[in-house]
Structure formats: structure tokens, C-alpha cells
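Grab a pencil and have a look at the model below. The exercises that follow each come with a worked solution.

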Amino acid sequence: MLRRKRSSTEPQNSAARGNDGYIIGPVEMSVRHSVGSMLSKIFACYRPWLACLLTVVSLLALPGRAQKQPVRVIAFGAHPDDCDLGAGGIAAKYAARGDKVKFVSLTNGDAGHQSLRGEELANRRRAEAREAGRRIGIEYEVLDNHDGKLLPTLEVREQVIREIRQWNADMVIAPRPNDYHPDHRYTGVLVQDASYMVIVPDLVMDTPALKRNPVFLYYSDRFTRPEPFRGDIVVSIDDVFEKKIDMLDAHVSQFYEWLPWTEGLLEQVPKDPAERKHWLAKGPLATRKLHPEWRESLERRYGAQAARIQHAEAFEITEYGHQPSEEEIRKLFPFFPDQ
Ligand SMILES: [Zn+2]
């Protein structure tokens, strides 16, 4: 029971001060004393059993803890929702395992809407990105560069280098530098330009360099010039497809307003939140086609299960980072069945 707080000069009489700093009276002291002595008797009686139980639990937990090093992944997009489309599925899978994933949007998305703009839109998109990250259990950062105006400057390259170093990334994902949108293209260039510099100690000296170059990957895309995307690593996301849709659903300003408007689909968007989420899961905005060329990679790692896979995310290994062996790929992507 809480009583008034006493000043240090107040006489104590028969009252005493409890652990919480409040005065307790004689009856309360006696109750506390009885409960305390009862608990210590119970503890004394069961102490040998408790010690035994704790030893067994720690013996069981230790080998697992020693083995499990979380995979650390950082993904870059030009806009708050780009990473989600390209790698939202694997991010949900990593998060469920306790691995560490961060999405970074290089622009604040302040040009991506038909009626909102500027600070108001940037704030809305930042909140949507935060909510998207929360829904699958990853970190999401939105940098304050302007949407539609991203350039591969030294300043932004250094932002990218800092992000990769601070995350101590094992793996970095970014778009290829061939794309319809200049912000996407330059995000590809910026991450490409950072992909060796992250280990050079004399650059960006305020953030210690990585000891080892991470593996750098490209998201999948549909562009064919100068050469088409190559699906080196293809991961089934059937088990987390609903989670990915839930993540995309957080970007209300994009999937239910801006993108349908650009595609002439705005009239089709249902008003009801549950119905529009269903519409998103079935429609063309959120789903990426599982290309026939990815089948070979799927079969190589999933064997007979590959034929049943409906949804997948694919990645190409760039030539500029660490070149992983098959064993390293299986450690970085701990999702494939044992061979
Ligand atoms: Zn984008």
C-alpha cells in the first residue's frame, strides 16, 4: 500500500521504510515479514531441485546458443516499399528465426502520391514504413533524401557505407542499376559503389570499416538490357506470403492510392480494409511472377518440393562483394531443405 512520501528529517517512530521508499506501518511490516519467511522456507525446501532444473536447462540451451549466429541482412530501396516488394518474404522468414534484418529507403518518398506532397507525404510514408517493419519484426529506416531527385553523390554513397557498416552486414541487397526509375537506378549504383569501400578503413572514418566484404545481391527485376536478371538464389515464400501481404498492406498511400492511380486501377480498390487486402494479395501490384527460368535454381535446392512452390523471391549474386560458396549460401539462406 502506498502512503505519502516522507522527508528525510521526519521521525520514524514505529514505522519503517520499505524497499520501494515508502513508509510502512507495524501491521504491514508483520505481513511482509511472514510472507518473506514463508517464501524463504519454500525456497530452502526446493533448492536442490531448483538447482538441478537450472543445470539441465542451461546444458540444453548452451550448444544451441553457441551454434546460432544470427544472419545480418541489410536491404536498400529507393522508396519506402521497394525493399518490401523485393525481399519482404525472406525478411519475414529471417525475423521468425531471430536473424537481423534492416530495410533502408534512400529517399523519403515525398513525390509518390497524386494529391499529397512534401513534408506531409514524407511523414505519412515514414509512419507506413515503420508499421510495415513492425508487422514482420524488422527495422525500417527512411533517409531524408528527396524522392525523384536521388543522385549517386559522394554524400549519399557515404550514407550507404555507414548503414552497411553499422549493421555489420553479412549480406546486402539492392536493385540492379538497370530500371525504369532513375531513383532505382541510382540506388543500384550507390550500393554498387559502396560494395568495396565498406572494408576500406581510410574512408568514412567516423564508422569503423567491416573486416570482411559482405555478399551483395540484386533483387529480381524484369529488365533485359544490357542483360536479364539471373536468379542465382530463389527462395520459396509460400509459408510467409500472408505476412508479406500484411507488410505491403501497411503502405496504404502506395498500394491503395498511388500505384492503383498510376495503373488506372483506382476504381477497383475496395473500401473495406479486409477486402482491399484480399484484392492486394490477388492482384498484380504485390505479386511477382515466378519465372520459368528460376525453376532450375528452385529444383537444385528444394528437390521434389520445388514443383509445389507458388511464390518465391529471387536474387542475383553481384560480382563486387564476397563470392559465397554453396555451403556459405546455405548458411546465409537457412531455408532450404537438407540435401
Ligand atoms: Zn520505388
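**Exercise 1.** Work out how the residues of the lining of the second largest pocket divide into nonpolar, polar and charged.

*Solution.* Start with the classes: Ala, Val, Leu, Ile, Met, Phe, Trp, Tyr, Cys and Pro count as nonpolar, Asp, Glu, Lys and Arg as charged, and the others, Gly among them, as polar. Sorted that way, the lining splits into nine nonpolar, four polar and six charged residues. Next, the space itself: this pocket has a volume of about 390 Å³. Of its 19 lining residues, Ala169, Asp170, Arg212, Pro214 and Leu332 are the closest to the centre. Helix 10 (residues 326-332) gives the largest share, three residues.

A few ground rules: this is a predicted model, where local features need pLDDT of at least 70 and side-chain atom pairs count only at pLDDT 80 or more, while totals for chains, interfaces and linings use all residues. Residues are numbered from 1 along each chain as its sequence is written, and side-chain values use heavy atoms, with hydrogens and water left out.

On a 1 Å grid over the protein atoms alone, a pocket is an open set of points with protein on both sides within 12 Å along at least five of seven lines, a cavity is a set where a 1.4 Å probe fits but cannot get out, and lining residues have an atom within 4 Å of a point. Grid points are joined across faces, edges and corners, and a volume is the space filled by probe spheres set on the points. Helices (H or I, at least four residues) and strands (E, at least two) are DSSP runs, numbered from the N terminus.

**Exercise 2.** Find which residues lie nearest the centre of the largest pocket.

*Solution.* The volume comes to about 1100 Å³. Among the 37 lining residues, pick out Leu85, Tyr180, His184, Arg222 and Arg288: they lie nearest the centre. Now check the elements: helix 2 (82-97) and helix 7 (252-262) give two or more residues to this lining, and helix 7 has the largest share, with five. By class, you get 15 nonpolar, eleven polar and eleven charged residues.

**Exercise 3.** Say which element gives the most to the lining of the second largest cavity.

*Solution.* The second largest cavity has a volume of about 60 Å³. Its lining includes Ala174, Gln192 and Tyr320. Helix 5 (182-197) and strand 7 (215-219) each supply at least two residues, and helix 5 gives the most, with four.
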